[in-house]
Amino acid sequence: MLPTRSTPSSSKASAVGARDAGPNRLSRRRRQEVLHAYLFLLPCFALFALTILYPIGRAFQISLFHWSIVPGGASDFLGLKNYQHALHDPVFWRALANTGFYMLITVPAQIVLGLLAAVLLDARMPARALFRTLYYLPVVTSWVVVSLVFRYLFITQGGLVNWILHDQLHLVAYNINWLGARWTAMTALGILGTWKGVGWSMVIFLAALQGVPKVLHEAAAVDGARAWGRFRAVSLPAIRPVVAFVTVLLVIGGFNVFISVYLMTGGGPVDQTQVLLSYMYRQAFSFLDFGYGSAISFLLTLIVFVISLAQLRLFRRPAGAS
Amino acid sequence: MVVGGRGRRRGAMALRLALLTAGVVVMLLPFAYMLATSFKPNAMVLEIPLKFFPEHPTTANYVAAWTSNRFAQYFLNSVIVAIATTAAALLLSSMMAFSFARFRFPGRSLFFGLILIALMVPTMMMLIPQFLLARDLHVLDSLWGLVVFYTGGNLGFNTFLLHSFFQDIPSELDEAMIVDGASPWTRYWRLILPLSRPALATAAIFTFLASWDEFTWALTIINDPSRYTLPIAIALFQGQHSTSWGLVFAASAIAIAPVLIIFAIFQRQFVAGIASGAVKA
Amino acid sequence: MSNRRLLEVLALAVLAVGLASTAAAQAKTTITFWTAYSSDGPEVKQLDSVIIPAFEKAHPGITVKDVTIPYNDLHQKLITAVAGAQLPDLVRSDIIWVPELANLGVLAPLDTTMSDFKSLSDSVFPGPLATNYWKGHYYGLPLDTNTRIWVYDPATLTKLGMGGPPTTFAELKSMAAAAKQKGVYLYAEGGTGGWNILPWIWSGGGSLTNDTYTKASGYLDGPKSVAAVQMLVDLYKAGELPNIIVNPNGGLGTYDGIFQGKYASTLDGPWMFAIFASSHPDTKLAGSMVPAGPGGSVSVVGGEDIVLTQQSKHKEAAQEFLRFMLSPFAQRQMAEAGQMPVLKSADGWLPAIHGYYDTFLKQIATAKPRTPTPKWPQIDQVMTTEIAKAFQGTETVQQALTNAAHQIDALLQ
């Protein structure tokens with residue numbers, strides 16, 4: 001979860017209680033405040049630093065070497081050569097393109113469909129809690145299980161998807177070879193990703209919509225706005241920060257797609273559907289080239305970081321939106 | 001002011017329900033397929049074309065999954081780890097969030113930024129360094145090893161969620177307590193936490209879910225089968241040459257049940273928590 | 001007795017019990033054995049309820065703890081364990097991982113570690129034994145083996161008006177064309193990797209590398225290898241081979257296809273019979289040798305080896321268990337659970353357990369191993385990728401194999 005401000009505003013995160021007059025009392029209070037702050041912070045941050053930051057550092061160190069996995073084995077220092085290798089590796093770029101395509105499908109789809117579902121649920125209606133739970137069901141199911149189920153749903157002859165499209169609805173002239181070609185396979189993966197994540201964004205949007213003050217809706221209605229107009233004029237701007245938040249997280253999630261690709265296509269056929277993480281996994285655990293695998297993961301991190309920053313700038317631009 | 005009258009409103013509601021139901025059907029189709037297969041006897045090979053309704057439905061798979069090699073034990077292990085992780089993560093991250101929300105101190109932006117960046121690194125690549133660390137801490141092959149690392153992994157997201165919520169609690173309330181002589185710990189425990197129930201419920205559900213479904217780390221550090229967790233148990237039904245799909249899906253259904261129950265119960269808190277946590281981001 | 005005396009006796013009794021149990025605990029060694037048997041399969045049941053108790057009875061000081069790990073994750077877990085020096089005593093390792101593990105230095109060379117290695121190695125089939133060889137030493141012994149034979153549904157062949165399975169390349173071609181007329185694929189194959197294509201290359205008289213596994217150019221892209229692959233590509237282009245060869249996940253799998261009668265046959269191992277017996281008992285499969293080409297009928301060796309790790313602290317005890325797993329008793333128990341034994345002497349009793357083992361035994365006598373090298377996963381990847389291009393038509397067979405051979409040369413250095 002990313003704040004739209006880079007640091008919490010000082011008006012809210014006030015140094016509560018540090019307003020007493022007098023220089024001596026002030027500095028003593030300040031010192032006490034800082035002490036308390038650290039007391040609350042450090043147990044948590046220590047665990048975080050130990051289990052997350054330190055391994056990240058080690059992983060970065062590994063990326064600078066041709067790392068030998070045997071303890072005590074000799075590792076050659078490569079500097080940034082692993083990174084250079086990645087930038088010249090056609091499969092790396094293909095994986096990046098595939099990951100990008102995957103996000104082009106899943107991110108807008110989850111936002112639009114999630115918002116649509118939330119709008120539909122944003123009314124007093126029977127069985128609302130039931131609908132919410134059912135839409136959320138895919139979110140709580142394990143990736144491994146749904147990937148295997150979807151692999152069977154997308155089988156060319158006799159899979160559910162083709163059965164519906166071709167045999168029942170006659171929407172397509174022939175059975176689509178979903179997992180057999182690059183773009184159809186990535187689309188199938190995108191459909192899985194969207195299906196799995198819609199419930200998550202729906203729940204967040206629903207909460208946001210319910211937080212929009214009723215007075216705004218009523219004012220717009222008085223001005224003669226109909227449902228769609230009210231939505232555009234009132235609801236959308238009000239939930240803009242939420243859309244930003246959801247988008248950033250969906251992008252991070254999209255970049256981290258792995259299990260579904262691993263199980264549905266294995267990166268194939270012929271490496272056509274590799275995504276960054278599946279490629280990294282193979283380099284590290286099949287070919288035992290941990291240095292290279294690490295380098296790929298840090299390049300991924302860098303890309304995610306840059307894109308997230310850009311997104312936050314983008315969403316911050318219109319006046320009064322934050 | 002009613003525009004269009006009751007009829008139009010009823011029509012609109014009917015349309016809503018129709019669209020929502022259509023959506024639910026699409027969402028549930030894969031599950032229907034899973035459930036149907038879980039009730040088929042001996043489904044070693046998935047059937048094509050699909051048959052939604054098994055010809056001879058049976059609960060044999062559920063019985064077999066539950067009574068198979070230690071499944072109940074794996075279930076219990078998962079429960080223990082998930083609850084311990086959730087409790088620890090909630091306590092630690094709420095403390096850190098409180099610190100960010102209520103105090104100014106040197107290094108604050110740095111700490112915040114580090115947490116932010118760490119969220120972007122793929123966890124897969126930390127596997128080996130974390131394994132080496134777990135070995136050095138002597139928590140390999142133990143449920144503690146799971147709890148420690150799961151908690152660490154959830155601290156970042158939870159802190160952001162809670163921090164945002166804490167910020168919205170008016171500081172006037174804090175000041176009232178300070179005038180009465182309350183220590184920061186009292187403010188944290190007696191004021192902030194009780195007011196943050198929705199956000200805490202949200203963080204709890206996310207953390208529980210993350211711990212419940214986690215597979216790779218558990219598989220990596222646990223060697224003693226008596227300490228396996230549920231996702232490993234499900235993976236074990238997949239053999240080298242074939243998979244007992246009926247068993248896999250029955251076991252998965254059993255695994256989904258607790259999370260779904262928790263979500264159904266805490267729904268309202270959950271949604272309220274998301275509202276405040278996300279909307280005010 | 002006085003209270004004081006009673007107390008003394010009690011104290012002595014407690015001490016005695018304590019000493020006895022410590023002594024017993026010290027005398028008991030526990031060895032850990034990692035496998036990838038499926039948790040609900042018959043192999044684990046045999047291991048846990050028959051074989052291990054029998055071993056522990058014969059060796060009262062040793063306890064064996066077997067740990068099942070999902071097959072798809074076993075390799076990753078082994079690699080992580082190497083990095084953290086957390087390997088168990090014994091591992092039932094897929095044969096293709098043994099050279100990699102040996103190269104990492106984590107396996108004990110059994111030919112120098114075990115005093116009776118010669119007699120043990122003489123008792124097993126040479127093909128499976130060769131999978132343990134790396135740089136002058138043997139780093140394991142075969143535990144169970146398998147190979148691919150021609151598995152078919154006689155009922156489907158009868159429907160096609162065919163009397164029996166093809167026995168030569170020529171028969172394969174003509175029967176495949178005839179089957180296509182009736183809308184059936186005679187043969188289905190699910191990939192273009194070594195496991196899939198090497199039986200054809202070898203039966204065609206070609207090879208992947210030279211005998212010392214140092215060079216692929218001139219061998220993989222030699223005329224006989226090219227001809228064998230060309231035969232399959234021609235079948236594919238004529239619509240007589242289903243698309244799953246290029247696209248394993250995108251079509252009807254081999255088992256599904258055979259069950260539905262859309263495919264007549266495939267190449268597969270002994271487990272296929274057990275799986276069909278359990279899930280499709282009405283389909284009665286039969287087996288025959290891989291169709292013979294200019295090189296005869298040569299298939300590929302699969303299976304698992306049992307390896308001992310260098311870091312094991314109980315090497316002697318582990319070796320005892322290793323010997324036991326290779327004993328006729330244990331091998332026979334596992335054979336009943338569908339695991340083909342590695343003992344040459346199995347000729348005598350194996351076919352009695354399951355009739356189809358007869359064909360497997362004949363096939364394994366000439367079966368060859370995939371190149372034993374730590375780089376096998378990369379070599380396999382190169383083969384899969386390049387040969388798929390030949391099927392897709394983006395390259396000719398000769399081009400594809402020459403490209404592959406060049407890349408494999410680099411990997412073999």
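A residue is buried if 20 or more other C-beta atoms lie within 10 Å of its own, exposed if 12 or fewer, and partly exposed in between, with C-beta atoms placed from the backbone. Helices (H or I, at least four residues) and strands (E, at least two) are DSSP runs, numbered from the N terminus.

I note that this is a predicted model, in which local features need pLDDT of at least 70 and side-chain atom pairs count only at pLDDT 80 or more, while totals for chains, interfaces and linings use all residues. Residues are numbered from 1 along each chain as its sequence is written, and chains are lettered from A and ligands numbered from 1 in the order in which they are written.

I then looked up C:Val229, leaving aside its neighbours within four places in sequence, and found it in contact (C-beta atoms, placed from the backbone, within 7 Å) with C:Ile197, C:Trp200, C:Ile201, C:Ile387, C:Ala390, C:Val397 and C:Leu401.

Next I turned to A:Leu276, which is among the buried residues of H12(A), as are A:Arg282 and A:Phe285. Helix H12 (residues 276-286) of chain A has 10 of its 11 residues buried, so it is largely enclosed by the rest of the structure. After H12(A) comes A:Leu288, with a positive phi near 60°.

For chain A as a whole I recorded domain 1 (23-63) and domain 2 (81-316), with bounds that come from an automatic or database domain assignment. Taken over C-alpha atoms, the centres of domain 1 of chain A and domain 2 of chain A are separated by 35 Å. I found four residues of domain 1 of chain A in contact with six residues of domain 2 of chain A.

I then went through the interfaces, where 84 residues of chain B are in contact with 88 residues of chain A. Helix H12 (residues 245-279) of chain B gives the most to the side of chain B that touches chain A, with 13 residues. I sorted that side of chain B into 62 nonpolar, 15 polar and seven charged residues, where Ala, Val, Leu, Ile, Met, Phe, Trp, Tyr, Cys and Pro count as nonpolar, Asp, Glu, Lys and Arg as charged, and the others, Gly among them, as polar. Chain B itself has 12 helices and zero strands, and 48% of its 281 residues count as buried.

Last, I looked at strand E3 (residues 90-94) of chain C, where four of the five residues are buried, so it is largely enclosed by the rest of the structure. Strand E1 (residues 29-35) of chain C runs parallel to E3(C) and is joined to it by two bridges, and five bridges join E3(C) to the antiparallel strand E11 (residues 301-308) of chain C; strands pair if DSSP finds at least two bridges between them. I noted that C:Val91 is the bridge partner of C:Trp34 and stands opposite C:Val307 in E11(C).

Terms used:
Two residues are in contact if their C-beta atoms, placed from the backbone, lie within 7 Å.
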